[in-house]
Amino acid sequence: QVLLVEFGGGLVQAGGSLRLSCAASGWFFSIANMGWYRQAPGKQRELVATITSGGTSNYTDSVKGRFTISRDNANNTVFLQMNSLRPEDTAVYYCHADGVRAGKPFSSWGQGTQVTVSS
C-alpha cells in the first residue's frame with residue numbers, strides 16, 4: 001500500500017491563501033501522476049489539479065490563475081498553493097497518486113484535509 005498523508009488545510013478568509021502538501025510513503029514504488037481533488041458537501045468529488053512526473057500540470061477551469069500545483073519527485077511530495085481563495089473553494093481536499101508498486105499499478109487516496117473559506 002502507498003500511504004498518502006496531507007497537511008495544510010484550515011480556515012481562511014476570502015482572498016487569502018493556503019498551501020496544501022501531500023507526502024507519499026511505502027515500499028519500492030514509482031509515482032506517475034499526483035493530484036488534488038475536492039468534495040464539497042452534497043457534491044461529487046471533482047478534480048482540482050494534477051501533475052505528471054515530468055511536471056506537466058492540468059487544472060480545472062475554476063482554479064486556473066489562482067492555484068498552482070507542484071511536486072518534489074525526490075521526496076514523493078505534491079503541493080497545492082491556493083491563492084485568492086473564494087467561499088466556493090470550501091471543500092475537503094484529497095490527494096491522489098498513481099503509478100507502479102512491485103510491478104503492479106496502484107491508485108491511492110489520502111484521508112482528506114478540510115479547507116474552509118469564509119466570506
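The disulfide between C22 and C95 is left-handed, with -85 degrees about the S-S bond. The structure is a predicted model. The S to S distance is 2.1 Å. The bridge links distant parts of the chain. C22 sits in strand β3 (residues 18-25), C95 in strand β9 (residues 91-101), and 73 residues separate them. Both C22 and C95 are buried. The count for the structure is one disulfide.

The whole structure holds two aromatic pairs. F29 and F106 form an edge-to-face pair, with 6.2 Å centre to centre and 85 degrees between the planes. F29 belongs to strand β4 (residues 29-39) and F106 to strand β10 (residues 104-109), so this pair ties together parts 77 residues apart in sequence. F29 is buried, as is F106.

Y37 and W109 make an edge-to-face pair as well. Y37 lies in strand β4 and W109 in strand β10, so the contact ties together parts 72 residues apart in sequence. Y37 has 19% relative accessibility and therefore counts as buried, the cut-off being under 20%. W109 is partly exposed, at a relative accessible area of 38%.

W109 also takes part in a charge-ring contact. R45 lies over the face of W109, at 4.6 Å from the ring centre. R45 lies over the face of Y94 too, at 3.7 Å from the ring centre.

Key:
Residues are numbered from 1 along each chain as its sequence is written. This is a predicted model: local features need pLDDT of at least 70, side-chain atom pairs count only at pLDDT 80 or more; totals for chains, interfaces and linings use all residues. Side-chain values use heavy atoms; hydrogens and water are left out. A disulfide is a pair of cysteine sulfur atoms within 2.5 Å. Helices (H or I, at least four residues) and strands (E, at least two) are DSSP runs, numbered from the N terminus. Buried means under 20% relative accessible area, exposed over 50%, partly exposed in between (1.4 Å probe, protein chains only). Rings of Phe, Tyr and Trp (its six-membered ring) pair if their centres lie within 6.5 Å; planes under 30 degrees apart count as stacked, over 60 as edge-to-face and the rest as tilted. A charge sits over a ring if NZ of Lys or CZ of Arg is within 6 Å of the ring centre and within 35 degrees of the ring normal.
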